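Subject: Structure handover

Dear colleague,

Please find the structure below, followed by notes on what was found in it.

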Amino acid sequence: MSDIQFQKEGKIAIITLNRPNRMNAFTIDMIDQWADALVEYQRDDSVHAVVLTGAGDRAFCSGIDLNDFDSMDISKSINRKEVLSGHVHRIALALEGLDKPMLCAVNGSAVGAGMDMSLMCDIRFASENARFCEGYIKVGLVPGDGGAYYLPRIVGLSKALELLWTGDFLSAQEAKEAGIVSKVHSPEDLMPKTMEFAERLVNSPTVAIRMIKRAVYQSSRMELRPALDLISSHFAIVRDTEDHKEGINAMLEKRPPRFTGN
């Protein structure tokens, strides 16, 4: 079986980290396949949403496999930097270019880079067994994959520093209270509920879904005036879509809308 699996269910692409015996720690080869898939999903019009999860119920992802990392030529600092910039960072950059919903089903422990990979997704759902930990400080490291960028944007500066400085674990419920997780489900319900939410999104007006994602992320880095200029352009475009017309007709006719993704 492949260490990372890619499949499709209807309009939903599913990425599964498939090394349960290694707590789904990722290798560089997995990272490269993962990043390539994300780029392809952006181009593939048949994919309307992506779900990321891990195999088994023990771990979502424990970060990079240190055995794989140590087998590389990392004798110089520039080589260590290039492992990140040339491989691991490709995930964050590919996700920045993905304007389709990216959901994460955290089925177990998410530690270090494993936690940060979940933070890169738009929405996280967690199993009751899930735990989250930014454990870098415990081995004298910094979050080299982008955790220092994503975490404070989700939980705020003070909470992010607390988690990064202590390396403390958060339970699934604590992660929900901190805003890291949207919903906590039983282990058996995690994937069905995540897929149910994904289905809801892929059956919504596709252009509006993608433009809302763009507007939310881009507006978070803009001042008010350019953000309003951006959203007025998006508004003008979606007014021409068939899904908008169908939504209006369905509301006037008092019936459920039948969106087609156009």
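For relative accessible area, buried means under 20%, exposed means over 50%, and partly exposed lies in between, with a 1.4 Å probe and protein chains only. This is a predicted model, in which local features need pLDDT of at least 70 and side-chain atom pairs count only at pLDDT 80 or more, while totals for chains, interfaces and linings use all residues. Residues are numbered from 1 along each chain as its sequence is written, and side-chain values use heavy atoms, with hydrogens and water left out.

Overall picture

The protein has 11 helices and 10 strands; these are DSSP runs numbered from the N terminus, helices being H or I with at least four residues and strands E with at least two. Its radius of gyration is 19 Å, close to the 18 Å from the globule rule for 262 residues, so the protein is as compact as a globular protein of that length. That radius is taken over C-alpha atoms, and the rule is 2.2 Å times the number of residues to the power 0.38. The C-alpha trace spans about 65 × 45 × 35 Å along its principal axes.

Of the 262 residues, 45% are buried. The accessible surface is about 13600 Å², and carbon and sulfur atoms account for 55% of that surface; the areas come from the Shrake-Rupley method with a 1.4 Å probe, and for residues only the protein chains shown count as cover. Taking contact as heavy atoms within 4.5 Å, 69% of the contacts between residues at least 6 apart in sequence join residues at least 24 apart.

The protein carries 30 positive and 36 negative charges, whose mean positions are 4 Å apart. Lys and Arg count as positive and Asp and Glu as negative, with His and the chain ends not counted. Each charge is placed at NZ of Lys, CZ of Arg, CG of Asp or CD of Glu.

The loop between β2 and α1

Met23 is in the loop between β2 (12–17) and α1 (28–43). Though not a glycine, Met23 has a positive phi of about 55°. Asn24 is in the loop between β2 and α1 as well, and its phi is also positive, near 55°, in a residue other than glycine. How do the two stand in accessibility? Met23 counts as partly exposed because its relative accessibility is 24%, whereas Asn24 is buried at 0%.

Helix α11

Glu246 is in helix α11 (residues 242–253). This residue counts as buried because its relative accessible area is 13%. Leaving aside residues up to four places away in sequence, Glu246 touches Arg255, Pro256, Pro257, Arg258 and Phe259.

Regards
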